[in-house]
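Please keep the coordinates open while reading.

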Amino acid sequence: GPPVQLPPRAATGVPLVTYQTTHVTIVQGCLRPGYFGLEHLGELPEFILTTENDPEIPFSSLGIVPTPETPQCPPVKLFSRRPLPDTILAPLFEGPVEVFRHTWEAAYPH
């Protein structure tokens, strides 16, 4: 159908919002607990949020996605402001990994 037309007064006072780009990286592989200062993967929480003002932390969030097919090494979903190349991922994971990357333009408002 035709696009929705709002009356002019609907846009009054609505600030222009800029959006940030989010890089999504999904990794099928075993996380390295030592990267997080831990001895066992079971000690790691399923979800980690970070601050984005520390250049030493390459990701904004890390989420473990439990699946029945991969209980020992579940997929890991990482969000970041910049792409995560293999050189950044290598210290996080043990052994070979499969990686899916997607750039999400206009993901969240600033």
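Q: How many salt bridges does a search of the whole structure find?
A: This is a predicted model, in which local features need pLDDT of at least 70, side-chain atom pairs count only at pLDDT 80 or more, and totals for chains, interfaces and linings use all residues. Residues are numbered from 1 along each chain as its sequence is written, and side-chain values use heavy atoms, with hydrogens and water left out. A salt bridge is a side-chain nitrogen of Lys or Arg within 4 Å of a carboxyl oxygen of Asp or Glu. Searching the whole structure on that criterion, the number of salt bridges is 2.

Q: Which residue forms a salt bridge with glutamate 52?
A: Glutamate 52 is in the loop between β2 and β3, and its partner is 29 residues away, in the loop between β4 and α1 (86-89). Helices (H or I, at least four residues) and strands (E, at least two) are DSSP runs, numbered from the N terminus. The closest N and O atoms are 2.8 Å apart, and the partner is arginine 81.

Q: Is serine 60 buried or exposed?
A: Serine 60 sits in the loop between β2 (47-49) and β3. Leaving out residues up to four places away in sequence, serine 60 touches residues including Glu52 and Arg81, where contact means heavy atoms within 4.5 Å. Buried means under 20% relative accessible area, exposed over 50%, and partly exposed in between (1.4 Å probe, protein chains only). The relative accessibility of serine 60 is 10%, so this residue is buried.

Q: Which residue forms a disulfide with cysteine 30?
A: A disulfide is a pair of cysteine sulfur atoms within 2.5 Å, and the count comes to 1. Cysteine 30 lies in strand β1 and its partner in the loop between β3 and β4, so the pair ties together parts 43 residues apart in sequence. The sulfur atoms are 1.4 Å apart, and the partner is cysteine 73.
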